[in-house]
Amino acid sequence: MPKSKKRGSGLAAWAAILLFIVFCLVIAALIRGKDIPLLTPKGTIADEQYQLLVTSTFIMVVFALLVISVIYYFAWKYRETNHKATYNPSAGRSKLLLLSAWAAPMLVFVVLASIMLPATQKLEPQRSIESDNEELTIRVIAMRWKWLFLYPEQDIATVNYVQIPVDTPVRFELTADEAPMNSFWIPHLGGMLYAMTEHVNPLNLMAHTVGSYDGGAAEVNGHGFAGMRFTADVSTIEDFNDWVYEIAQQSGKFDTEEYEALLEPSEYDTAAIYHSPNNEELFDNLLKKYEGSHGHYDDTEHKNREAH
Amino acid sequence: MKEFLLGKLDGSALPHEWHTIAGSIGLGLMVLALAGFITYKKRWTWLWKEWLTSVDPKKIGIMYFIVAGFMLMRGGLDAVMLWLQQALAGSGNGYLSAQHFQEIFTAHGNIMVFFVAMALIFGFVNYIVPLQIGARDLASPFLNTLGFWLYVAGVVMINMFFFLGGEYAATGWLAVAPLSGPEFSPGVGMDYWIWSLQISGIGTTLGAINFIMTILKMRAPGMSLLKMPLFTWGSLCSMIMAISVFPLLTMTIFLLFFDRYLGTHFFTTTGGGDPMMYTNLIWMWGHPEVYIIMLPSFGIFSEVVSTFSRKPVAFYKTALVGMIGVATISMFVWLHHFFTMGAGADVNSAFGVATMLIAIPTTVLLFNWIGTMYKGRIRLTTPMLWFLGFVAIFATGGITGILLAIPPIDFQVHNSLFLVAHFHSTAVGGVLFGIFAGLNYWFPKMAGFRLNERIGRYAVWSWIIGFFVAFTPLYILGLMGATRRLDNYDASTGWQPLFIMSFIGGLIIMLGVALQVVQIIASFMQRRRLADTTGDPWDSRTLEWSTNSPPPSYNFAVIPEVSTRDAFWEMKRLGIKKPVYKDIHMPKSTATGIYISILAFFAGFGFAWEINWLAVVSIIGVIIILVARTFNEDIEYTIPAEEVKKMEEARESKLGTLKEQHYSDEEDMGLLEFVKTAPGWALGLVRGKK
């Protein structure tokens with residue numbers, strides 16, 4: 001091999017390392033001071049999901065680095081131009097390598113599965129969260145293209161806005177009306193769940209830090225998709241009670257007429273808060289509307305309740 | 001009357017938006033230019049007789065490559081448009097409407113999976129598998145040409161919306177119900193989706209049946225299943241998976257079609273429909289589909305690593321167990337695409353475990369490559385560089401894939417850009433890089449000259465760097481809570497800089513694509529110097545290299561006898577016996593596949609626009625042609641032994657005349673030289689001097 005080639009490959013290696021450093025610096029600069037919800041969780045479920053994410057990533061990165069660095073090392077060591085390396089066409093068939101080929105990934109599999117299985121049970125969104133504070137139920141209805149939240153006990157209806165008290169388990173009961181499949185997601189507080197017509201999917205979350213968080217739709221559902229965002233305010237329990245009291249004093253009401261108006265497709269709706277004394281009835285009507293299809297929403301709900 | 005004749009079709013369907021007008025004019029000009037060129041060169045008869053009606057799998061393979069190459073450009077252009085919109089959307093609203101943006105990502109997904117990845121895989125299977133198993137043609141050459149032309153009909157259908165209708169499906173590549181139903185997507189775009197996938201999907205099923213028969217029944221004497229090269233094995237696994245799940249896709253799309261056309265309630269929100277059933281059915285096909293395109297690619301890597309390490313595959317049987325394991329388990333993991341639908345912890349756990357299990361055979365394949373490289377003599381040619389790039393990208397895709405298999409983590413990153421980055425890592429790293437490795441590896445076999453190594457290396461590096469610049473920001477954006485398919489987002493999210501970085505990465509990838517085109521042109525310019533005169537430019541091991549480059553229509557003058565796994569390697573060691581030539585029977589060209597596909601296209605078009613008479617007439621036409629074909633007994637021709645001998649001897653005499661091959665990449669044209677010489681060369685080509 002001519003000299004130029006050798007010098008070239010050395011240069012390329014240095015260029016690659018330099019490029020990698022620049023790459024990391026650019027990334028660091030771009031995320032500096034930014035909020036990364038999944039890495040700065042504000043809810044108990046999100047906390048555990050974050051822990052799980054970090055642990056499993058760590059285990060796999062260590063394993064993957066070991067395996068791929070061997071590939072790159074061999075590619076370099078046994079390169080044709082390296083005359084010092086031995087060449088043996090029948091090498092590499094050792095029983096040991098074969099054994100580790102199966103054993104190593106199985107080991108990683110067993111470790112990860114033993115972490116995953118209990119976590120899946122524990123973090124199942126249908127499972128209620130244990131707490132000294134009483135659970136708050138909020139019905140969430142996905143529409144084209146906005147989120148309607150109904151507070152059955154507080155007589156409140158909100159659009160693209162939800163307020164919840166801190167350190168209180170919240171049971172979001174997700175469904176949809178005249179809308180395709182949707183996915184309800186507040187990244188700071190925990191994972192998402194689908195909101196579909198004729199089903200009520202319970203998603204249990206609990207915030208542990210006061211603040212204002214973004215939420216939105218995560219399943220494409222037509223051209224208003226990107227605007228189907230909402231704010232989730234987590235307030236102290238006192239502030240929440242004040243808010244509830246304040247809304248109760250309002251004269252305006254949210255009833256069937258307002259509900260029907262919301263069913264008209266619209267995009268980028270601004271947040272709205274209403275006093276809504278009979279929202280239980282609105283919700284029952286919605287369930288009845290799709291009852292003819294399968295009517296097993298009741299069934300799942302009962303099962304989930306029974307589980308606790 | 002007008003409604004009977006034209007269905008829903010009327011003047012408003014003509015192009016009237018900037019993108020449909022531009023698309024129509026652009027595509028129209030391309031077709032006109034091509035037609036003009038062929039007319040000018042007086043090549044119509046040649047094109048029809050030698051190529052379009054050919055049943056030679058080598059020619060059909062190359063036609064797959066050409067069509068898929070154009071579709072790769074088309075899908076890549078879509079990707080750039082998506083990137084640009086998202087880079088701009090953080091300040092202002094970008095330049096695309098939500099509807100248009102959603103149509104583009106739907107088309108991007110459909111094109112890349114069905115009309116690029118699947119087609120390129122079929123291209124390789126067509127060209128290489130018969131050569132690797134020592135066969136002269138396929139079990140059913142007619143089925144093969146039919147499959148290819150149905151694929152072309154699908155390609156035309158997916159591009160039809162430029163000319164008529166002006167809209168494509170805006171539902172995401174799998175058109176999940178109920179969004180794809182009549183209630184939420186009444187437009188004709190959804191019907192184009194249905195029929196482009198339906199027609200090409202049927203082509204895929206037919207092709208897969210044919211290749212399973214070919215691999216099982218047409219192998220050279222002595223080549224037992226356990227002596228088959230790993231690419232053939234990967235293809236066999238892939239084709240078996242294809243016939244297992246593609247009928248499922250066909251039926252699911254039919255049910256969706258019934259919902260839209262007849263008003264049934266399979267997947268609607270009302271009337272007893274169950275949209276969740278659609279999600280299940282489509283992913284029962286959709287997940288195996290991922291491995292249908294990946295397994296042949298793993299096969300390609302196995303061939304490449306073995307050849308360029310100058311060593312046999314280290315753990316052949318283990319690799320087989322790995323491939324078959326991946327193929328089998330991948331049938332039982334579909335639910336991991338919707339852990340978030342709320343099936344409950346037990347169901348999610350079962351599918352999570354199954355998904356993690358796939359990582360075991362996949363890692364075993366990696367270890368197999370490690371064992372193959374160990375104490376080898378590794379030539380870092382471009383196919384090998386594609387392999388090394390694949391390792392890094394696929395590793396990130398694998399890690400994030402397992403993360404997504406853990407339900408509680410999936411709940412947080414599902415449908416986010418993290419997921420988008422994950423499947424691009426596996427699809428680009430695992431499938432596309434494999435295809436590119438295969439292209440560089442087998443190009444000399446197909447074209448008779450090898451590809452330029454220097455420019456090839458630049459292309460590899462552009463792709464790898466571009467990939468990480470483009471997709472690392474998407475992983476981070478996913479963790480920031482950015483969902484996929486957002487045409488717009490608020491400036492306050494702070495996502496814009498990362499989207500811009502991703503867009504720049506996309507441009508670097510496009511540079512890689514451009515370099516690949518330059519690589520092919522530059523190699524063509526230097527084709528004399530790069531000529532492969534021996535048929536075995538890489539000192540390879542498998543049978544496809546034992547014949548000339550490019551191979552004669554009958555592949556092998558004498559069917560090889562196989563006694564070991566690396567059959568050709570063994571032949572080279574023992575020396576090749578003096579051949580005894582016999583008559584060769586080859587299948588005749590046929591245009592039947594073209595006629596059927598044209599009618600299939602019109603049937604789909606008729607249903608899309610509810611022009612019922614057209615659909616009915618076309619279907620009847622298809623049936624008549626198929627029945628008529630069965631009465632045609634005259635489907636073979638014979639090449640007499642004398643002629644074979646003459647052709648072979650002519651070839652052999654040429655072998656010695658050109659200078660002996662030895663490769664020094666230093667002589668390959670660099671970019672600078674290409675820029676200097678290409679314009680003059682192109683001018684000469686146009687003037688017809690060469």
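Reply: Let us begin with one residue, keeping in mind that this is a predicted model. Asp242(A) sits in helix α4 of chain A, which covers residues 237-248, and its relative accessibility of 47% makes Asp242(A) partly exposed.

Me: Which residues form a negative surface patch with Asp242(A)?

Reply: A patch of this sort is read by looking for like charges that lie within 9 Å of each other, on residues with over 30% relative accessible area and no salt bridge. Here the negative patch is made up of Glu238(A), Asp239(A), Asp242(A) and Glu246(A).

Me: How many salt bridges are there over all chains?

Reply: The general idea is that side chains of opposite charge can pair when their charged atoms come close. In this model the count over all chains is 19 salt bridges. One of the pairs joins Asp177(A) to Lys289(A), with 2.9 Å between the closest N and O atoms. That pair links distant parts of the chain, since Asp177(A) belongs to the loop between β5 (170-176) and β6 (182-186) of chain A, whereas Lys289(A) belongs to helix α6 (residues 279-289), 112 residues apart.

Me: With which other residue does the side chain of Lys289(A) meet in a salt bridge?

Reply: Lys289(A) also pairs with Glu178(A), at an N to O distance of 2.9 Å.

Me: Where in chain B do Asp668(B) and Arg450(B) lie?

Reply: These two residues form a salt bridge whose closest N and O atoms are 3.4 Å apart. Asp668(B) is in the loop between α20 (641-657) and α21 (671-687) of chain B, and Arg450(B) is in the loop between α14 (417-447) and α15 (453-479), so the pair ties together parts that are 218 residues apart in sequence. Both Asp668(B) and Arg450(B) are buried.

Me: Which residues are linked with Glu80(A) in a network of salt bridges?

Reply: The network links Glu80(A) with Arg310(B), Asp536(B), Asp539(B) and Lys572(B).

Me: What does the radius of gyration say about chain B?

Reply: The radius is compared with what the globule rule gives for a chain of that length. Chain B, with 21 helices and two strands, has a radius of gyration of 25 Å, close to the 26 Å of the rule for 690 residues, so chain B is as compact as a globular protein of that length. Its C-alpha atoms fill a box of roughly 75 × 60 × 55 Å along the principal axes, and 65% of the 690 residues of chain B count as buried.

Me: What radius of gyration does chain A have?

Reply: Chain A, which contains seven helices and eleven strands, has a radius of gyration of 27 Å, whereas a compact globule of 308 residues would have one near 19 Å. The box filled by the C-alpha atoms of chain A is roughly 90 × 40 × 40 Å along the principal axes, and 49% of the 308 residues of chain A count as buried.

Technical notes: Residues numbered from 1 in each chain as written. Chains lettered and ligands numbered in written order. Predicted model: local features only at pLDDT ≥ 70, side-chain atom pairs only at ≥ 80, totals over all residues. Heavy atoms only, no water. Patch = residues over 30% accessible without salt bridge, like charges linked within 9 Å, V, L, I, M, F, W, Y side chains within 5 Å. Areas by Shrake-Rupley, 256 points an atom, 1.4 Å probe, with all protein chains shown as cover. Salt bridge = Lys/Arg side-chain N within 4 Å of Asp/Glu carboxyl O. Lys, Arg positive; Asp, Glu negative; His and termini not counted. Charge placed at Lys NZ, Arg CZ, Asp CG, Glu CD. Helix = DSSP H or I, 4+ residues; strand = E, 2+ residues; numbered from the N terminus. Buried < 20%, exposed > 50% of the residue type's maximum accessible area, 1.4 Å probe, protein only. Rg over C-alpha atoms; globule rule 2.2 N^0.38 Å.
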